[in-house]
Protein chains: 2
Amino acid sequence: MLFEQITIVGVGLIGGSVGLAAKARGAAGRVVGVDRDPNSIAKAQSVGAIDSGTTDLAAGVAGSQLVVVCTPVDRVAEVILAAARHVRPGTYFTDGGSTKGNIVAAVQGKLPPGVEYVAAHPLAGSEKAGAEHGRADLFAGRVTALIVGKLGSDWGRTVTVGRFWEALGSRVVLMNADEHDRTVAFTSHLPHAVAGAVAGITPKEWLHLSAGGFRDVTRVAAGDPDLWAAIFTANRDATLTALTAFNSRMNEFRKLLEAGDRDGLKRWLNEGKQVRDALGT
Amino acid sequence: MLFEQITIVGVGLIGGSVGLAAKARGAAGRVVGVDRDPNSIAKAQSVGAIDSGTTDLAAGVAGSQLVVVCTPVDRVAEVILAAARHVRPGTYFTDGGSTKGNIVAAVQGKLPPGVEYVAAHPLAGSEKAGAEHGRADLFAGRVTALIVGKLGSDWGRTVTVGRFWEALGSRVVLMNADEHDRTVAFTSHLPHAVAGAVAGITPKEWLHLSAGGFRDVTRVAAGDPDLWAAIFTANRDATLTALTAFNSRMNEFRKLLEAGDRDGLKRWLNEGKQVRDALGT
């Protein structure tokens, strides 16, 4: 067992899955859940994701050695700073947020002595929300990005928190916050916007003429608009960069199509295929 | 049994699945396969999609009551016109192409007396190619769009060919070619281009930081570039219209993001979610 007791703040899909995985894999002896919404606590408890729950952040984090913050990305930093006043020295914080630069910058230099934060992003999720859709194997085989700062400055806390995400079944990859945010803008945030746009322009009465392609391309558009508005806002600059790259790629496609350049279209399609084939099914 | 013998021209994924389904569901007593590539014929025969095969179009279609053309969309019309000279009066043609206007226009008025063509598009497929990936249930529960011309002009042939696509397990929906092409530009062709663009701008070394979202959005980008270049070219105008709608939707997103308008982003995302939720999982 890595920790006698951990606290999860925000017991939705990700937080609930952290609890289920931590208990199933013996990463924590006891799991306390904290949420603003008593219904979320009740649901997390009923599926066995947490042992006990409270809406009181101070009480919920008091006896834990690790606090995992799984709130929407715009609330992670404030939760860490508020909770840090109620934990013992030696307590670790980590989080499950999809953006990292904004959180790291807001927390940096503001923690009490002996309290450590290691930012994390488990690359796992679902378009579904709520602990009732949580899964003990949500992180199994997935990558967790663990954020490191200056070289050599954070070995101890990185290993301690990294072992926790490893214990949940994920593979830990180290990177800095900028690198993370720039990359996920392409691999996660832009694809989400694109899925939303494809769905958004399609009249519902045309859906009967759709097949697996439309279904796959638009799947993530069913995700929680509130969570995603927060993610886009938090990773604004990197997402705008990805949008620009995407836009010029689509313009190439339009020009080839307008010109009826079938060989050019084939080449353009093949370049995307090479990338997708590298990913596997 | 609907037909004693049918011929499938082009025994790839769709053609092979037509053969498997026709045999499994008793829609045809005997299935003949025609393909330019002897390897494709051998594969289709080895999986049981066809009873016999030939590279000779004239010989392959001679004794059949129904010819199902499953070549790439840019070859459907020429295959129908070439084969029509070798069939008996009373023979029906249909096809499985993803575009309809170009094919209907090229065939219209050019068939010998007593030979009938009913254009079809089964909304089913895969990013995989070849009869070895064919499935007897590929069309089960899917929609097949059946193209009708002027009202009242084609009842008999529509029913005969429609019953065949129904016998393969699909649900037949009647529409005209323009309506079909305009709709699938949004529900199939644009999503394919978008998937290709997302994949095309993503460096392979970033793929380890991708999760289910990227995987789903880009899945169809693994499809055959040659087939899809033909589809885009055949449905050029409708695809350009869909591209314009998509582009202005993405511009709305960019403006909301640049302005940091989180409520606006939420609204924008929610509009897409409404459409995707209407589709189901």
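A:Asp216 is buried, with a relative accessible area of 12%; buried means under 20%, exposed over 50% and partly exposed in between, using a 1.4 Å probe and protein chains only. A salt bridge here is a side-chain nitrogen of Lys or Arg within 4 Å of a carboxyl oxygen of Asp or Glu.

Before we go on, a word on where this comes from. This is a predicted model, in which local features need pLDDT of at least 70 and side-chain atom pairs count only at pLDDT 80 or more, while totals for chains, interfaces and linings use all residues. Residues are numbered from 1 along each chain as its sequence is written, chains are lettered from A and ligands numbered from 1 in the order in which they are written, and side-chain values use heavy atoms, with hydrogens and water left out.

Now let us look across to the other chain. B:Asp216 forms a salt bridge with A:Arg219, with 3.3 Å between the closest N and O atoms. Because B:Asp216 sits in helix 8 of chain B and A:Arg219 in the loop between helix 8 and helix 9 of chain A, this pair joins two chains. B:Asp216 counts as buried, at 13% relative accessibility. B:Arg219 in turn pairs with A:Asp216. A further network of salt bridges with shared partners links A:Asp74, A:Asp226, B:Arg262 and B:Lys266. For contrast, A:Asp137 and A:Arg135 also form a salt bridge, but A:Asp137 is partly exposed at 42% and A:Arg135 is partly exposed at 40%.

| Salt bridge | N to O distance |
|---|---|
| A:Asp137 and A:Arg135 | 2.9 Å |
| B:Asp216 and A:Arg219 | 3.3 Å |
| B:Arg219 and A:Asp216 | 3.3 Å |

Over all chains the structure holds 30 salt bridges, and eight are found across the interface of chain B and chain A. Which elements give two or more residues to the side of chain B that touches chain A? They are strand 8 (143–147), strand 9 (171–175), helix 7 (177–200), helix 8 (212–218), helix 9 (225–234), helix 10 and helix 11 of chain B. Helices (H or I, at least four residues) and strands (E, at least two) are DSSP runs, numbered from the N terminus. Helix 7 of chain B gives the most, with 17 residues.

How big is the meeting surface? In all, 85 residues of chain B are in contact (heavy atoms within 4.5 Å) with 85 residues of chain A. The area buried between the chains is about 8,000 Å², and carbon and sulfur atoms give 71% of that; buried area is the accessible area (1.4 Å probe) that two parts lose on being put together, summed over both. In chain B, the residues that lose the most area to chain A are B:Leu209, B:Arg262 and B:Arg276, together 9% of what that side buries.

After helix 11 comes B:Gly280, whose phi is positive, near 80 degrees.
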